[in-house]
Amino acid sequence: MPKIIIDSKEIEFKQGQTIIEAARENGIDIPHFCWHPKLSVSGNCRVCLVEVEKMPKLVISCATLAADGMVVNTRSEKTLSARRAVMEFILINHPLDCPICDEAGECKLQDYAYSHSVGESRFVEEKAHNIKRTEIGPRIMFDAERCISCSRCIRFSSEIAGANQLTFTKRGDRVTISTFPGESFDNPYSMNTVDICPVGALTNKDFRFKSRVWEMSATKSICTGCSRGCNIDIWVRNNKIMRLTPRNNEQVNADWMCDNGRINSFKFVNAEDRIDSVQVRKEGFLQPVTWEEGIKTAAVSLKKFKPHEIAFIGSPYATNEDNYLMAKLAKALGVQNISIIQHSVEGDCDDILIREDKTPNLTGAALAGIRPNYNGFSLNQLVDGIRQKKIKAVYIIEDDLYSIAGADEKAFANLELLIVNSSNRNKTTLSADIVFPASTFAEKNGTFVNFAGVVQRIRPAVATAEMDRALDGMEMSKWDKFGTKFDRWMQGEKKDAKPTWRIITQIGEQLGMKFKYEMAENVFDEMSGAIKEFAGTDYDKIGSEGLKLKSEKIAVNV
Ligand code: SF4
Ligand code: SF4
């Protein structure tokens, strides 16, 4: 392999790599604004200038190919002096409004101003002023004064999102980005430019001014907006989700996520219609009861029916662990009527990330034992069975019976028992006999399998009352068993919700079954022994990157 020396360190590189790429792969950080590993090279910010032996002038490391035997210095006085000059030049017209800028705390310009600048400017003239607020698209606000004309947003739009929506206009210190006349920057991936903009010129309208970056915790998780399962960080302050941002995973979503997933897939966690107490119908009305009473009532009520009179409906929104235990409870009770509701939007997909299946775990639920038409039992048969009063009891998790396409809703009134685990109110919870408040994807540990057979972990980013109780008295070093980084002492309301797998465990125990699971991980460990596709996997192996399951049959069209 060819070798290059950077800052006296000899490193190997791949033919075709630029200096900045070779350096980065070997842990040497060369400052850069316009260069981005996923975009074409534009070479316009000049901050990545380095000195190369035998070259008469400094070169930009993003556009200079590494060559065998090349000697590069990223810290020579000549390099540092040029870098300081570039920083001074870029800062000439920058408004320096960090105290009111959303990017502060995660801003490349702010960071480099500390690490690569002299800290003062010789420019005493009036700075060029520009428009501070332009709604450049429905989800993005543009501050032209902060823009350093790196062109990342322009290149992202045309090269990744496939939407040529942005361009530079004007010249010199008046240059700015703009959409074409009369057009809006509204492609389905537009908000990724907020992440890659190295300054606070592009801000997320849904998040701006809601929180400083350092006030939030970031927890690694998975977007639940579709079966792609984009890797995300969940940003939380005072136990409320403030924003989602994409997290790199080359086998799933690279560095990106769609705008819909970013904005719409977490609002229900913070919503007012969360269910926060167990409820049992008494004298026609749902009444709050203790967990103990709710669990006991569910177990006693289920026992009143013959197995063929009961149907269990799993959920593609719930984890593998949740669905696995639902399937296990059904088996223990002899219930054969098992199904799941699919939520696909025909035509709402593309070749980038977005999938028609708007749920995160249809594939995983199938592997865990809950699939459409299981044992030939379809949703039509379910509705017909209820209408004919052959099916008298339904237990449904994390879904809405009334979302079954074309279902005769009046038939559901025939049910003698309807039990539901749900995080938010819906038609099913309103007509149910027993309602259990279920933790959302942001409040529990568990796993999903995406459409391509990659099993991935979710972790609690938002605390529930249960976690609070469990963490009480637990040593700090053991908190990571919960797989979360949330601040134990943070303020904020905590919902009295439990993960579905735990609710089912308690019902199973009440029915006299040996359901002994203390953590979601215990359920997964059992699954990895019982389900061949999960064999040899565990939470540690899945880690933060996920694991492609081996079976070729996983991407079945379930
Ligand atoms: S808006 Fe941001 S990403 Fe776009 S050119 Fe300006 S600084 Fe670069
Ligand atoms: S593509 Fe799907 S998983 Fe990815 S961010 Fe969008 S909705 Fe979420």
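User: Into which domains is the protein chain of this predicted model divided?
Analyst: The model is a predicted one. Its protein chain has 558 residues, of which 45% are buried. The division of the chain gives domain 1 (3-91), domain 2 (122-269) and domain 3 (278-548).

User: How many residues of domain 2 are in contact with domain 1?
Analyst: The centres of domain 1 and domain 2, taken over C-alpha atoms, are separated by 27 Å. On the side of domain 1, ten residues take part in the contact. By class, that side of domain 1 has five nonpolar, four polar and one charged residues. On the side of domain 2, the number of residues in contact is 13.

User: Which elements do the buried residues of α2 pack against?
Analyst: Helix α2 covers residues 77-91 and reaches 21 Å from its first C-alpha to its last, close to the 21 Å expected at 1.5 Å a residue. Its buried residues are Thr79, Arg83, Val86, Met87 and Ile90. These cover an arc of only 100 degrees around the axis, which puts them on the same side of α2. The elements they pack against are β3 (49-52), β5 (71-73) and α3 (108-115).

User: Is Glu103 buried or exposed?
Analyst: Glu103 is placed in the loop between α2 and α3. A residue counts as buried if 20 or more other C-beta atoms lie within 10 Å of its own. Glu103 has 21 such atoms within 10 Å, so Glu103 is buried.

User: Which residues does Glu103 touch, not counting those up to four places away in sequence?
Analyst: Glu103 and Ala201 are 98 residues apart along the chain, yet their C-alpha atoms are separated by 8.5 Å. With residues up to four places away in sequence left out, the residues that Glu103 touches are Val199 and Gly200.

User: Which residues come nearest to ligand 1?
Analyst: There are 14 residues around ligand 1. By class, this shell has ten nonpolar, three polar and one charged residues. Those that come nearest to ligand 1 are Cys147, Cys150, Cys153, Cys197 and Ala201.

User: How do the residues of the shell around ligand 2 divide, and what are the numbers of nonpolar, polar and charged residues?
Analyst: Around ligand 2 there are 14 residues, and Cys223, Gly225, Cys226, Cys230 and Gly261 come nearest. The shell around ligand 2 divides into seven nonpolar, six polar and one charged.

User: What is the phi of Ser149?
Analyst: Ser149 lies in the loop between β7 (140-142) and α4 (152-159). With 18 other C-beta atoms within 10 Å, Ser149 is partly exposed. Ser149 is a residue other than glycine, and its phi is positive, near 55 degrees.

User: Which strands do the buried residues of α11 pack against?
Analyst: The buried residues of α11 are Leu379, Leu382, Gly385 and Ile386. Seen down the axis of α11, they fall within an arc of 120 degrees, so they line one face of the helix. The strands against which these buried residues pack are β16 (310-314) and β17 (337-340).

User: How far apart in space are Arg371 and Ile338, C-alpha to C-alpha?
Analyst: Arg371 lies in the loop between α10 (362-367) and α11 (379-387). It counts as buried, with 22 C-beta neighbours inside 10 Å. Arg371 and Ile338 are 33 residues apart in sequence, and their C-alpha to C-alpha separation is 7.6 Å.

User: What percentage of the contacts with a separation of 6 or more comes from residues 24 or more positions apart?
Analyst: The secondary structure of the protein chain comes to 16 helices and 23 strands. The C-alpha atoms of the chain fill a box of roughly 85 × 50 × 50 Å along the principal axes. Of the contacts in the protein chain with a separation of 6 or more, the part from residues 24 or more positions apart is 67%.

Methods: Residues numbered from 1 in each chain as written. Chains lettered and ligands numbered in written order. Predicted model: local features only at pLDDT ≥ 70, side-chain atom pairs only at ≥ 80, totals over all residues. Domains from an automatic or database assignment. Contact = placed C-beta atoms within 7 Å. Nonpolar A, V, L, I, M, F, W, Y, C, P; charged D, E, K, R; others polar. Helix = DSSP H or I, 4+ residues; strand = E, 2+ residues; numbered from the N terminus. Expected span 1.5 Å × (residues − 1). Buried ≥ 20, exposed ≤ 12 C-beta atoms within 10 Å, placed from the backbone. Arc of directions from axis to C-beta. Near = placed C-beta within 6 Å.
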